[in-house]
Structure formats: structure tokens, C-alpha cells
Amino acid sequence: MKDIPTKYDPQKKEDEIYSAWAKAGLFNADENSAKDPYCIVIPPPNVTGILHMGHALNNTIQDILIRWKRMNGFETLWMPGTDHAGIATQNVVEREIAKEGLKRQDMGRENFLKKVWEWKEDYGSTIIRQLKRLGCSCDWDRTRFTMDEGLSNAVKEVFIRLYEDGLIYKGDYIINWCPRCGTALSDEEVEHRDTDGMLYYIKYPVQGKKKLEKENEDYVVVATTRPETMLGDVAVAVNPKDPRYESLKGKKLILPILKRELDIVFDEDVDPEFGTGALKVTPAHDPVDFEIANKHGLASVNVMNPDATINSVGGNYEGMDRFECREAIVEDLKQRKLFVRYEEHEHAVGHCYRCHVVVEPRLSKQWFVKMGPLAKDAVRVVKEQKVKFYPDRWTKVYLNWMENIRDWCISRQIWWGHRIPVWYCSDCLKYADVRDVDINGPGGKGVYVGKDAPKACPTCGGNNMEQDPDVLDTWFSSWLWPFSTLGWPEDTKSLETFYSTDVLVTAQEIIFFWVARMIMAGLKFRGDIPFKDVYIHGTVRDATGTKMSKSLGNVIDPLDVIKEVGSDALRFSIISITSQGQDVFLSRDKFDIGRNFANKLWNASRYVLMNLDEDVLEGELDAKALSLSDLWILSSLNDCIDKVNKSLERYRFNDATAALYEFIWHKYCDWYLEISKMAKDKKTTQKVLVKVLTRSLQLLHPIMPFITEEIWQKVPGKTSKWITTSEWPSREEKFDDSEARENMELMIAVISALRNVRAFWNIGQASKVDVVLDVSSSVEEKLLERTTPYIEQLGRCSVKEIGKNVTRPEQSVAALVGGVKVFVPLGGAVDLDKERKRVEKKVEELGKYLLSIEKKLANKAFTDKAPEDVVQKEKSKQERFRAERANLQENLAALQ
């Protein structure tokens, strides 16, 4: 066979191979196919995104599943696309125009949006190119964008249907407001972080009291973490069962500094144990206070501008930033002797998930979706296991959130996104700002909801119609992804063929953002679940367990890794260390796993193919002509096929890589290749070598697609032009031979024991040693006699005797393999005095280790308090060290 390069060059080959796949249209799905469909929709990356390790893990998992199913004869569709990422993309473009000294308001809405579309066309496909570099086998001809024409139509359709069903409304509610992004955020878009703050204690005078001498008679002490919001206080609330405040019934308080009159309200929701038990009620800036105010008919006073500066209500504080105002108010309170004290207080503070600025609870008129009615069926399908989570622990998390779901704030005060399809008539609605309109269902006066702008007002016939300026939450388009990408609301053939999809692969942080909402949307608008399985993978962290971030400087760039070791090495490495649902602890050296494995595979394949006589491939393998080693490797291949299939079916991807690593590296390369060099029947052996190699390449292909395709192209007589469309291997029962496996594994264990003896006792590799094998059964005796040539060749030894109860040679060391004792005489092979001293020292060290472990295990404080797995680990070490010491002591005694 022609020469094969000594080294595989992934940097050169991977692009060539991917281009060939694309040109051949291997990833294109046919909705008219008679094959069973298998579909995955990609979690659409943001158009602002660049490939990071989370993407690499997520998309490698999806690609493994798609390639595996494609080779199993399914009509596979991996639907690709990108998300418009409203806030993130707008922020990026705003930073770009800021370099020119511009703000979006300077450009106007239309020109700014034109600029964003231009940016999207220039940079929005970067992540797509990078996913191709990773080897992703998506049907790129179907690539969708959450703001393309079809998906925009789907978004409008859903909004209109929900509106007509009374599930969309608009009103005043406390929402999460990001002052940096200038928009509302849903609850799921707020990251809560435990923060070291302060609890401030402030005197609120009782109306009419000039001297503030007695607490709860002349004044009430209120504790707050946000003194700046007191400017918007409308009352102070206490629990009616709190005896400290009984005397205040019917009285009023005076708001410090602004001197506004405040009611005292009695409410059972007030916690008497927090602070002083007296709660300042600021309904425009706190969700709890908003509920209390609604119950007691209290007005709301908004004290902040959208940028979190104080508005005109704040008097002298107007224009101050909220945190600057906090300091100023505390100082003023001190001067007026109304400040009591402050104390350290840790509490959870919400931050914007995009820009990480502290969010502000703010009373605002926003659009909402009623989620309760949608959640009922979404809970049912998970309880009935029509949708299954892997790992299962996420089922409980999902159900807990769904059963306590809150309405979804869907409006955003930005320009980039799906504009809300609602128009208001200026003649019917006498508002200065259309945002002030309340909408509680269809049929409202002067309001039109539709896909396109109305020609006239449906109420009065006038043409002074103005569209709502807000856009929809990015997730409002994303929750439709599994069916909108397939053509909905049209009844397309793709929708008929590929919906419901089969599995969603995603991260834990978007279970609520996305997964739950997709289930609700699928059931509401398609009457069926959007996917059958949800695989939740862990977070990629650095070697210390810290989440990767640019600010910490611990990011590993997958593109750098690909340039260094190739996509296959990255994919194999990250999958091999990723247990189901567990976080991934990653360091740069972990990629040596994949690189070394790729090198091993290439070298073994090169040896097999370059030493192959092509004529030997004609005809089928005759099971009767197979040697013990042939039967062993073919039977082991059957086991490997089973393990890989079961692992992939259960989404245990690292188990699949472990099975392949063990079979290809150890059984095929380390053992069978070496044994094949001693074969008498070269023709049969070569057939077996090629058969096992091709099946191994196919099993490995979903994980390492590039190198397996490159080797596949060099295999003569292959059944398919491309490995990616070849038929997935199935077990061949005629090669099942448990006896051959057991026999070979005993032989391998004996040879391995011999090699360990050589290494431990410093016997030179060139030295040939004598061996005596003491067996416990006649079966073992016959087997070892049959495999003696292999043992002698691969163990570099001369087998002197095999039998039951044989005499141990003088000055020999022993190794135990099951029921077989392997004796190796050392006389003349090593410097016995030197080795005795070294081993005696080793025995002494083991004794010290054992003493330390025994003390630890005798300590009840350790065994009672330490985790069970930690205690078990110490017990296992104890057993291992005891056995090792006993073996060394026995060998030392034999050497005397």
C-alpha cells in the first residue's frame, strides 16, 4: 500500500475534510425521506458570541448524538441558527458608535437599527464559522436567525394568539430594572449574589412629637438596606401582633428630611424579627412593599429616573446617583440626629445578567404573559415522563420552579428586537406617552394588535396610530425555536417530519429562561412536547473549580486549543473528563489525553494499512480459522459496541470514551497488534486487523470525526465512501467467545505482572528472566501452556514450569494474578543486597503510611463527621497498603 505520512496534521487536514463533507452535502436533511427522523435544534448562540469552552462542550455532545444516529440509519437534522440577543447586541453596537462620539438617540431609531443590521451581517456569522471548525455537522442550508422573516412572523402570531386568549396584559408592576441597559429584565435575567452590605437604623418621628425621647412613643426606628429609597416612602408597616406598636394605632409618622406625612399600617406579612419589626413601605421600589401598598390602598411615589439618578421628588438630592444619594442621606440624618446606627448585613443583591450592574426594583408599566395557565400542562408532561431530564435531579428543580411560576415580563425598553405588534390611537387615548396605557385583554378602545400597521383605528377610524416603542424579550422568540425554525405557523413538511424533536442539550442556567418556556410554547401552539429528552451538562471550570472568566484570566480559548492539538483532540479530551451532569474541571494539560490518543490511533492505523496485502480482504472471516487472540479481539469488539451504544443511549458520554480508549489503546494497539506480529496465519490476522480497525474508526467517529475520516479514506475495500454516512457497527454473535476473553485476559494479566516485577525490581529490559507459574486448576494450567509462546515473547522470559503446587524457586519474588502465582528468580538478574535495602525502606515507609491512616480511622471525630466517600477512600488506601506491604515482606523473606 502507498505510504501514509508518519504524522497526522490536524491543522492542515481538518479544514480539507470539512470542506469535502460540505461539498458532498452529507449533513443535509431530507424531510421526504422514508427513514425514521432524528432531530436536534441547536441552542442558538448569540450573534455577538465567539466560541468558548461551554459552546465546545455543548456542541460536541450534540454532534456526537447526530453523527451516531446518522450512522444508525436515521434521517438526521441538526437545526442551526443564531439568536439576535437584544440587550447584548445593542450594547455592542452602542459601544461601537460611542467611539465616534455618538449615542443611539443621536442617530434615531431607524438609522441605529440599520447600523445594527450592518454589524450583524459583518460579524454575526463568526460563531457559525467557529462551530464548523469544531466539526459540527449541522444542516447549514437551514440556518435560522431569530429575527429573520419567518421567525418574526411566528413571534407576531404567538403574541396575537396569547393576546386574544387573554394571556397577555399590560400594567403597573414592580419589575427588575437595569439602569445601565435602560430596560426591564425578567426575574430569570437577574443574578442574585450574596453581598456584604449595611442595615441602617433611622428614626421616623411620630406626628406632633417635638422631642424624640421615647422609642415607639415619640418615634419609630426603621431598619433598611437602601436609605435612598426612603424618599419614596408612603407608610410604615408593622405586624398587628407586635405589642411594641399597639400604642401607634390611628397615628401618623413624618418622613425624615422630606417631612411627608406617612400612614402606619398593620399587616401580618411584616416580619417582627427583621430589624426593628417596623418596615418602611416604598411601593415604587420594592416588590413586597408594592403588595402591601395594594392591600392597603396606598399610592406609589417613584423617586428614580431610568438611569438610577434621583428625580425631582428627591428635592435637594435630585440628579444624584442612587449610591451617592445613600451616603448623602445618611450624613443628613446624622446631622439631624435621626440616624441611630448601622450594622453589617449580608444579603442577596440582584445584578443584570448582561452588564452585571446592580438592578433596581422599579414600578413600571410593562407587558406580561400569564404563565400559570401555560405551566399546568408543562408540569404534567414532565410528571408523566413524556419529557425526561438527564440527570434526573433536574426534574425536581424544574417542577419546583414551574409550580411557583410568576408572570413573565416580556417588554424591553431597547430598540433592537421584535417590536411589540401593538398600535395605539392618539385620538382615542389621550396619553402623553403610549406606555401609560393599561391593557387587560382584547377589545380595548383605540388599541390594535396585529402583524402589520393598521390603515385606520378600529375604534374611531382615525389614522393617528402609534406603535408601542418597546421590543419583546429576546427569549420570546427563543421559546418558539423548536417549531418556528421548521416553518411554523405554516404547516410545512419539515414541521410534520421533524417535530417533536428528540433531545435538547443545554446548560443548567437556562432551564428557566428557555427549557421550561419551550415546553409551554410547544404544548400551547403545537399541542405536543418540543423534545423528548433534556440533557443538562455541567459548567466548564478551571482546575481549581473556579468558573472561567476573562477578568480572572483563567479562560482557555477552544480556538487556541484547536490550533495547537486539533478539534478531535479537544473533543475527545473534554468529553472524556465530563461525567453526566457534573461540572468540568479543565486545565490545559487535559488536552494531552486527546492528542496522545489521536497519535496512538494514527500510528496503529498506519502500521496496519502499510503492512496490508490488499488481496487478503477478499471473502468473509472464517470463525473456525480464528486463533485464540483473534477470537478475543473480535469478542472484545462486540463488548465495546455494546458499551458505546448503552452509554450514548443513557447520555453517559464519558463512559463511551472510556470504553473506546480501553479497547483501542489497550486491547487493540497494546496487545493484539503485538500478538499479530507472531501470527502463523498472516492472511486471517490481517483480515482481523482491518476489520477491527474499521469498526473502531466507526465507533470513534462521532467523537473524533476528522481523523477517523482521514484514516477511513485510506482503508481499501471500504463499504461506504464516507465514514460519516457508513453503517454503524453491530455486534456479530458468531464471534462471541467468553472463554477466549477469559483465557486471553489471564494471559495478559500474567504478562503485565511480569512487566511490573521487572519495573519494580529494576530488572533490565534486555535481560531474559526465568518464570515459574503455580496454578490453582488444571484449566489454568492448560491455558497457560497454550499461551506460553505469547508469554515468553511479550514477557521476555523463559517459562520453566507450569503446574499445581510447584516448588518456589530460591531467591525469587512472586506476583499474584487471580489463582496464579508468578515466581521470578532474581539471582544474577539484579544486585540482591541493593534491592533488599531499597525494598526494606519501602516496607518501612508503608508502615508509616498505615500507622497514619489507622490513627485517622480510629478517630471518631473523623469517621463521624467526614463524608462517607472520604472515609471509604481512607479504608481503601489502608487495604491497598496492607496488601502491598505483605507482598513485599513475603518477597523479602524469600530473598534471604
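Residues are numbered from 1 along each chain as its sequence is written, and side-chain values use heavy atoms, with hydrogens and water left out. Because the model is predicted, local features need pLDDT of at least 70 and side-chain atom pairs count only at pLDDT 80 or more, while totals for chains, interfaces and linings use all residues.

**View 1. Cysteines C178, C352 and C355.** A disulfide is a pair of cysteine sulfur atoms within 2.5 Å, and by this rule the model has zero disulfides. The sulfur of C178 has its closest cysteine sulfur in C355, 3.4 Å away, which is too far for a bond. C352 is likewise in no disulfide, the nearest cysteine sulfur being that of C355 at 3.8 Å. C178 is buried, with 0% relative accessibility (buried: under 20% relative accessible area; exposed: over 50%; partly exposed: in between; 1.4 Å probe, protein chains only). C352 is also buried, at 0%.

**View 2. Helix α25, residues 788-795.** Helices (H or I, at least four residues) and strands (E, at least two) are DSSP runs, numbered from the N terminus. T788, Y790, I791, L794 and G795 are the buried residues of α25. Seen down the helix axis, these residues fall within an arc of 160°, so they line one face of α25; the arc is that of the directions from the helix axis to the C-beta atoms. After α25 comes R796, with a positive phi near 50°.

**View 3. Lysine K365 in strand β14, residues 360-369.** K365 is buried, at 11% relative accessibility.
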